[in-house]
Amino acid sequence: MNIEHIRDIVDKEGIVFLTYGGFLSQALIAGMTEALEKEAASNDLSMGESNNIFTIFIELSQNMMNYSKTKIKNCEKVESEGLIVVGKSETNEYFIQSQNIVSFKDKEKIKPKLEEILSMNREDIKKRYRELRRNGKHSHAKGGGIGFYEIGKRADKIEYDFIEINSDKFYFQFKAYIQTNKEKNNG
């Protein structure tokens, strides 16, 4: 690995608080959330901004645990693996970015939810989230998809892409942005 590649990313994207690539577990997610809490405190983020960053981070981590389709070499076992980055751009906008491998079937389940979220304003997303919670059809159970609505409620902007690896596997890239009150007041 060439550390200069990481420096290039930092120079392009801004300050990176947390980067992790590999297999995920609940214990690992909890530890990374603790690190984010310390970072948020040292950057004087409001409780709301901090909660939004933590919630999006946790939802994306859970998403990777639920949807990842990475096979271990020389084995049929599939593991929860992904890449997640939390950082702050030069304009003080925070971002949470993830990438993991998903199946074609999961892509077809995820994409309509994301398209719906992108077509809605924040109030409509909140309303839809409440509807989904009430009817229980799309619970927070594994692969339920309600987590994307949770992210949509909290993020100022989201972007996603599916990049084909082969006919049944795709890189799922997702990025959520959160503007701080300082950024909103200056922007």
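Glu-150 forms a salt bridge with Lys-153, and their closest N and O atoms are 3.7 Å apart, where a salt bridge means a side-chain nitrogen of Lys or Arg within 4 Å of a carboxyl oxygen of Asp or Glu. This is a predicted model, in which local features need pLDDT of at least 70 and side-chain atom pairs count only at pLDDT 80 or more, while totals for chains, interfaces and linings use all residues. Residues are numbered from 1 along each chain as its sequence is written, and side-chain values use heavy atoms, leaving out hydrogens and water.

Glu-150 and Lys-153 are separated by about one helical turn because they lie 3 residues apart in helix α6; helices here are DSSP runs of H or I with at least four residues, strands are runs of E with at least two, and both are numbered from the N terminus. Both Glu-150 and Lys-153 are buried, that is, under 20% relative accessible area with a 1.4 Å probe and protein chains only, whereas exposed is over 50% and partly exposed lies in between.

What does Thr-55 touch, leaving aside residues up to four places away in sequence? Thr-55 touches Glu-150 and Arg-154, contact meaning heavy atoms within 4.5 Å. Thr-55 sits in helix α3, residues 47–67, and counts as buried because its relative accessible area is 19%.

Turning to another pair, Lys-107 forms a salt bridge with Glu-108, with the closest N and O atoms 3.5 Å apart. Lys-107 is buried at 13% relative accessible area, whereas Glu-108 is partly exposed at 41%.
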